[in-house]
Amino acid sequence: MFIVVNNYWHTSKTVCGGFNSKLAEPMNTNTSHFLISHSQIMGGIFWIGISDIIQEGKWIYSTGQIPIKVNNFQPGEPNAGTAANCVALWAAYYGYWADENCLARYRFICCKNGWTQFGNKCYFFSHQVEPWSEAMSVCRVFDSKLAEPMTSDESNYIISQSQKVGGSFWIGISDIIDEDRWIYSTGQEPIKVNNFQPGEPNSHTSANCVVLYGPFRGKWADDNCITLHQFVCETNNE
């Protein structure tokens with residue numbers, strides 16, 4: 001969520017918290033490059049959730065205070081020492097990172113707490129289990145939907161994350177309307193990527209919903225929609 005109101009870095013953190021969110025913390029190159037490119041589309045300078053406030057020169061995420069996993073500082077940055085301890089996507093650097101005084105007022109980017117970010121989307125991997133339709137309803141409560149991977153990168157990401165969390169997870173794909181025509185729940189368009197395990201789908205009319213199946217290392221399987229599984233919610237981070 002790109003917020004176009006200017007605030008101090010600490011105030012931006014507080015505002016994100018009011019939305020049950022946090023300042024965006026890019027954990028991989030794809031996410032970082034998305035934030036950089038989208039900041040250029042939006043225009044302006046944007047705070048993200050990285051600083052070296054605690055220890056000079058040690059850049060960490062605000063959540064968990066772990067060292068950054070990706071580094072997109074503009075060449076020559078960071079360059080302001082103790083006078084600048086917070087990271088901004090700097091417009092003059094085409095969105096690449098700069099260290100800035102935390103009391104400067106810039107726009108900022110939020111991502112929901114408990115959600116992981118990949119590209120322009122945030123994902124929530126549940127621990128609770130629900131039938132497929134109830135999982136859809138739970139996602140709606142969070143202003144989101146069951147995950148609908150549109151690219152191989154998105155599909156591979158949620159598969160890998162499902163394995164880290166552990167379990168089997170419903171996603172927003174089914175053939176409820178027309179047998180063997182697998183579509184996304186939103187818009188009911190045919191799937192653009194296919195990660196069914198070899199031999200799947202195999203249960204025909206008795207299994208119309210897609211699950212990232214734990215025993216298949218997260219590859220897709222068709223399952224009965226009333227089976228209880230964990231689930232993945234998805235929301236756009238725009």
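Visitor: What makes C111 and C122 a disulfide?

Guide: In this predicted model, the sulfur atoms of C111 and C122 are 2.2 Å apart. A disulfide is counted where two cysteine sulfur atoms lie within 2.5 Å, so C111 and C122 qualify. The pair links distant parts of the chain, with C111 in strand 7 (residues 106-112) and C122 in strand 9, eleven residues apart. Both cysteines, C111 and C122, are buried.

Visitor: How many disulfides does this rule give?

Guide: The count comes to five disulfides. With the bonded cysteines of the chain numbered in sequence order, the pairing reads 1-4, 2-3, 5-6, 7-10, 8-9.

Visitor: Why is the disulfide of C139 and C233 called left-handed?

Guide: The torsion about the S-S bond of C139 and C233 is about -85°, and the disulfide is therefore left-handed. The S to S distance between C139 and C233 is 2.1 Å, and the cut-off is 2.5 Å, so the pair counts as a disulfide. This link also joins distant parts of the chain: C139 belongs to helix 3 (residues 132-141) and C233 to strand 15 (residues 230-236), 94 residues apart.

Visitor: How do you know whether C139 and C233 are buried or exposed?

Guide: Buried means under 20% relative accessible area. C139 has a relative accessibility of 0% and therefore counts as buried. The relative accessible area of C233 is 0%, so C233 is buried.

Visitor: What is the handedness of the link between C209 and C225?

Guide: The link of C209 and C225 is right-handed, with 95° about the S-S bond. These two cysteines are joined at an S to S distance of 2.0 Å. The pair links distant parts of the chain, 16 residues apart: C209 lies in strand 13, and C225 lies in the loop between strand 14 (220-223) and strand 15.

Visitor: Why does C225 count as buried?

Guide: The relative accessibility of C225 is 17%, and the limit for burial is 20%, so C225 counts as buried.

Visitor: Why is N195 called buried, and where is it found?

Guide: N195 has a relative accessible area of 11%, which is under 20%, and therefore N195 is buried. N195 is found in the loop between strand 12 (183-184) and strand 13 (209-212). Leaving aside its neighbours within four places in sequence, N195 is in contact with S155, N156, I159, K219 and W220.

Visitor: Which elements supply at least two residues each to the lining of the largest pocket?

Guide: They are strand 8 (116-118), strand 9 (121-125) and helix 4 (152-165). Helix 4 provides the largest share, five residues. The pocket holds about 470 Å³ of space. Its lining has 18 residues, of which M27, W115, T116, Y157 and Q161 lie nearest the centre. By class, seven of the lining residues are nonpolar, seven are polar and four are charged.

Visitor: Which residues does UniProt list for "domain: C-type lectin"?

Guide: The unreviewed UniProt entry lists residues 1-111 and 118-234. In the model, residues 1-111 are 22% helix and 28% strand, and their end C-alpha atoms lie 6 Å apart. Residues 118-234 are 21% helix and 25% strand, with end C-alpha atoms 10 Å apart.

Technical notes:
Residues numbered from 1 in each chain as written. Predicted model: local features only at pLDDT ≥ 70, side-chain atom pairs only at ≥ 80, totals over all residues. Heavy atoms only, no water. Helix = DSSP H or I, 4+ residues; strand = E, 2+ residues; numbered from the N terminus. Buried < 20%, exposed > 50% of the residue type's maximum accessible area, 1.4 Å probe, protein only. Contact = heavy atoms within 4.5 Å. 1 Å grid on protein atoms, 1.4 Å probe; cavity = no way out; pocket = protein on both sides within 12 Å on 5 of 7 lines; lining within 4 Å. Points joined across faces, edges and corners; volume = space filled by probe spheres on them. Nonpolar A, V, L, I, M, F, W, Y, C, P; charged D, E, K, R; others polar. UniProt positions renumbered as here; feature names shortened; annotations may be inferred.
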